[in-house]
Each structure stands twice: as structure tokens, then as C-alpha cells.
Amino acid sequence: MSLQPDQVLDVCGLPCPLPLLKAKQALSRLEVGQLLEVKATDAGSWGDFATYIEQSPHEMPAREERDSIYHYWIRKGEGRAS
């Protein structure tokens, strides 16, 4: 993947809903337009992150599963961070 994140968050091993909660916390510390990469092993995170992005000002330019690890790239948008 050619996206260059401003921050990488490794939440591998954490059960639902912790990956999404930790990602929200990390996004709150980023500036608008910065990119967060999240690495998770919780299969439920695939749907959790998709739903969250639909309901937030953020964008997810890419996501993929590689070697049983889910990778999400989230660009912080303007507006409410939660």
C-alpha cells in the first residue's frame, strides 16, 4: 500500500469494541487531513470501521486484510471527531 500514515496504531489482540475506541482516541489527537493507519486482528473491526466512517466526517481511502491482520487507513475530516 502506498499510503504514508502520519501515525500507526497497533491494536492487534484487542477485542471489540477496543480497536475502534482506540482509533477514535488517536484520531482526536491528529490534525484535519492527517492519515491514521490502524492494524487490528478483531474480525468484527471490518464492519465496525466501515459503519463508523459512514457516520463520521472522516474518510477511509483504503482497507485490506493481510496475513490475518486488518489494516485501515483513515484520513481525519473536519467536524466532530467522534
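Me: When are two strands of a sheet said to pair, and how should I read this in the predicted model here?

Reply: Two strands pair if DSSP finds at least two bridges between them. In general, strands of a sheet pair through backbone hydrogen bonds, either parallel or antiparallel. In this predicted model, strand β2 (residues 35–40) and strand β4 (residues 69–75) pair in the antiparallel sense over 6 bridges, and within that pairing K39 has H71 of β4 as its bridge partner.

Me: What is the strand order of the open sheet, and which strands stand at its edges?

Reply: The open sheet has 4 strands in the order β1-β2-β4-β3, with mixed pairing. The edges are taken by β1 (7–10) and β3 (59–66), each of which has a single partner strand, so one side of each is left without a neighbour in the sheet. On average, with direction ignored, neighbouring strands of this sheet are turned by 15° against each other.

Me: Which strands do the helices α1 and α2 lie across?

Reply: Helix α1 (residues 18–28) lies across β1, β2 and β4 and runs at about 160° to β2, while helix α2 (residues 45–54) lies across β2, β3 and β4, running at about 175° to β3.

Me: What does the side chain of H71 make a polar contact with?

Reply: The partner is the side chain of E37, at 3.3 Å. Leaving aside neighbours within four places in sequence, the residues in contact with H71 are E37, V38, K39, A62, R63, E64 and R66.

How values were computed
Residues are numbered from 1 along each chain as its sequence is written. This is a predicted model: local features need pLDDT of at least 70, side-chain atom pairs count only at pLDDT 80 or more; totals for chains, interfaces and linings use all residues. Side-chain values use heavy atoms; hydrogens and water are left out. Helices (H or I, at least four residues) and strands (E, at least two) are DSSP runs, numbered from the N terminus. Axes are lines fitted to C-alpha atoms, for helices over the stretch in contact, and angles run from 0 to 180 degrees between N-to-C directions. Contact means heavy atoms within 4.5 Å. A polar contact is a pair of N or O atoms within 3.5 Å; within protein, one must be able to donate a hydrogen and the other to accept it, and residues adjacent in sequence count only if both atoms are side-chain atoms.
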